[in-house]
Amino acid sequence: MTHEHTLHLDPRVRQEARNRLLSAKGHLEGILKMLEGEPYCVDVLKQIKAVQGALDKVGEMVLKSHLEHHVASAAVRGDTQRMVEELMEVLKYR
């Protein structure tokens, strides 16, 4: 599905999001490697929490951008209902 609205992130925020995702990728790869052996449960849980934290933070960044750049102007564009439906769809996965 394509939309006319694109992701608007300040270059610094975009780089921070990218860095967090790369960190999450590293943690996830670490978890996969750990599972090849006999890791301590708490060590695996810590890595899982690190991945979740990074993804949550990037999700917050993207949501904030969406609210600022698309939702805030929805009434002017006349697509408030569509914006609400999109957000409700996304939020059901949280």
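The largest nonpolar core of this predicted model consists of five residues, A24, I31, V44, V51 and A54. Here a nonpolar core is a set of buried Ala, Val, Leu, Ile, Met, Phe, Trp, Tyr and Cys residues joined through side-chain atoms within 4.5 Å, and buried means under 20% relative accessible area, exposed over 50% and partly exposed in between (1.4 Å probe, protein chains only). Two elements, α1 (11–34) and α2 (41–71), each give two or more residues to this core, with the largest share, three residues, coming from α2. Helices are DSSP runs (H or I, at least four residues) numbered from the N terminus. Leaving aside residues up to four places away in sequence, I31 touches V44, Q47, I48 and V51, where contact means heavy atoms within 4.5 Å.

Local features need pLDDT of at least 70 and side-chain atom pairs count only at pLDDT 80 or more, while totals for chains, interfaces and linings use all residues. Residues are numbered from 1 along each chain as its sequence is written, and side-chain values use heavy atoms, with hydrogens and water left out.

The structure holds eight salt bridges, each a side-chain nitrogen of Lys or Arg within 4 Å of a carboxyl oxygen of Asp or Glu. One of them joins the side chains of D10 and R12 (3.4 Å, N to O); D10 is partly exposed at 35% relative accessibility, whereas R12 is exposed at 67%. Another pairs E68 with K64, the closest N and O atoms being 2.7 Å apart. E68 and K64 are separated by about one helical turn because they lie four residues apart in helix α2.

A further salt bridge links R82 and E86 (2.8 Å, N to O), likewise four residues apart, in helix α4 (residues 80–91). R82 is partly exposed at 25%, and E86 is partly exposed at 22%. R77, D79, R82 and E86 are linked in a network of salt bridges.
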